[in-house]
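I'm opening my notebook on this one and writing down what I look up, entry by entry. Here is what I have on screen.

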Amino acid sequence: MTDPPSAPPAWPDRWLSEDPLPSEPFPILANWLTEAFEDGRQPSPHAVALATVDAAGDPAVRMVLVQAIEADAGALVFHSHRDSPKGRELAAHPRASAAFHFSALGRQARVSGPVGHVADVESDAYFATRPVDSQIGAWVSRQSEPLESRAALVAAMERRAAAFGVDLAAPGPSPAIPRPRGWGGFRLRADRIELWHSRPGRVHDRAVWQRTGSGWTSQRLQP
Ligand SMILES: Cc1cc2nc3c(=O)[nH]c(=O)nc-3n(C[C@H](O)[C@H](O)[C@H](O)COP(=O)(O)O)c2cc1C
């Protein structure tokens, strides 16, 4: 594979190009995500690579969708099965690192810190917004466990839907489906965030913020 030329864009980022750096990094990340959605070229710009380690220190990484950037708290919220490998890894070692790549805008953000569960009421509220087939899927899937066949999964979906009084083949109003206890939100509260913005000639802008007691200390980094 050939090395690509400097990624777009060539223009300076309005937050990272000037010194001193802004004192608050999360409003920048929230703006970057908004701009990536508005730009529209990148599908799912809220997808992050989420890295965890298990109790033995072995790393694992997978994509998840960030459903909220909490700028005031300096946190990200994502949802998953809590008894999945990632859920078990986070139970054993409750820290994670997430990387966004806003490819069309030439930006990366890396966020690391401790991870905990969001309150049940928050998970319930988000679950209620999901499409009914996703809700049924959350009930049926034992995420990352072996599956005998696709037909077995489809049959399990149909059985569970019928038990809830839902006809998956006829979309329309359906009864409220409760959240399965083993599925819910996780909150990654950053203690470190690094922002990267592509500039010509690989003279990229990079900066890292570390959380202090009540705020952040910033440091510009070499590209
Ligand atoms: C773009 C994208 C977004 C995804 N979003 C989620 C998500 O929000 N939650 C989730 O549990 N899995 C999501 N997945 C699936 C995960 O990458 C992964 O396969 C699954 O969660 C099992 O991971 P684990 O075995 O490490 O627990 C997504 C996959 C892709 C490709």
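This is a predicted model: local features need pLDDT of at least 70, side-chain atom pairs count only at pLDDT 80 or more; totals for chains, interfaces and linings use all residues.

**Ground rules**

I number residues from 1 along each chain as its sequence is written.

**Overall layout**

I find five helices and nine strands in the protein. Helices here are DSSP runs of H or I with at least four residues, strands are runs of E with at least two, and both are numbered from the N terminus. Going along the sequence, I read the pattern α-β-β-β-α-β-β-α-α-α-β-β-β-β. The C-alpha trace spans about 60 × 35 × 35 Å along its principal axes.

I also checked burial: 28% of the 223 residues are buried. Buried means that 20 or more other C-beta atoms lie within 10 Å of the residue's own; 12 or fewer makes it exposed, anything in between partly exposed, and C-beta atoms are placed from the backbone.

**The core**

Next I looked at the largest nonpolar core, which has 32 residues. Such a core is a set of buried Ala, Val, Leu, Ile, Met, Phe, Trp, Tyr and Cys residues joined through C-beta atoms within 7 Å. Leu-29, Leu-76, Leu-188 and Leu-195 touch the most other members. Helix 1 (residues 26–39) gives the most to this core, with five residues.

I followed up on Leu-195. Leaving out residues up to four places away in sequence, Leu-195 touches Leu-16, Pro-25, Ile-28, Leu-29, Ala-109 and Ala-207.

**Helix 2**

Which residues of helix 2 (residues 85–92) are buried? I get Lys-86, Gly-87, Glu-89 and Leu-90. Seen down the axis, they fall within an arc of 160°, so they line one face of helix 2. That arc is the one of the directions from the helix axis to the C-beta atoms. Their cover includes strand 1 (47–53), strand 2 (59–70), strand 3 (75–81), strand 4 (95–102), strand 5 (107–117) and strand 6 (183–189).

I zoomed in on Leu-90, which has 24 other C-beta atoms within 10 Å and is buried. Setting aside neighbours within four places in sequence, Leu-90 is in contact with Thr-52, Ala-96, Val-115 and Phe-186.

**Around the ligand**

I count 16 residues surrounding the ligand, and the closest are Arg-62, Ser-80, Ser-84, Lys-86 and Ser-144. A residue is near a molecule if its C-beta atom, placed from the backbone, lies within 6 Å of it. Strand 2, strand 3 and helix 2 each give two or more residues to this shell, and strand 2 gives the most, with five. By type, the shell divides into seven nonpolar, seven polar and two charged residues.

**Helices 4 and 5**

In helix 4 (residues 132–140) I find Gln-135, Ile-136 and Ala-138 buried. Their arc around the axis is only 155°, which puts them on the same side of helix 4. They pack against helix 3 (120–129), helix 5 and strand 6.

Does helix 5 (residues 150–163) lie largely in the open or in the interior? Of its 14 residues, the number buried is one, so helix 5 lies largely in the open.

Pro-20 sits in the segment before helix 1.

Ser-44 has a positive phi of about 50° although it is not a glycine. I place Ser-44 in the loop between helix 1 and strand 1, and Ser-44 is exposed, with 11 other C-beta atoms within 10 Å.

Arg-202, also not a glycine, has a positive phi near 60°. Arg-202 lies in the loop between strand 7 (192–197) and strand 8 (205–211). Arg-202 is exposed, with 11 other C-beta atoms within 10 Å.

Note on methods: Two residues are in contact if their C-beta atoms, placed from the backbone, lie within 7 Å. Ala, Val, Leu, Ile, Met, Phe, Trp, Tyr, Cys and Pro count as nonpolar, Asp, Glu, Lys and Arg as charged, and the others, Gly among them, as polar.
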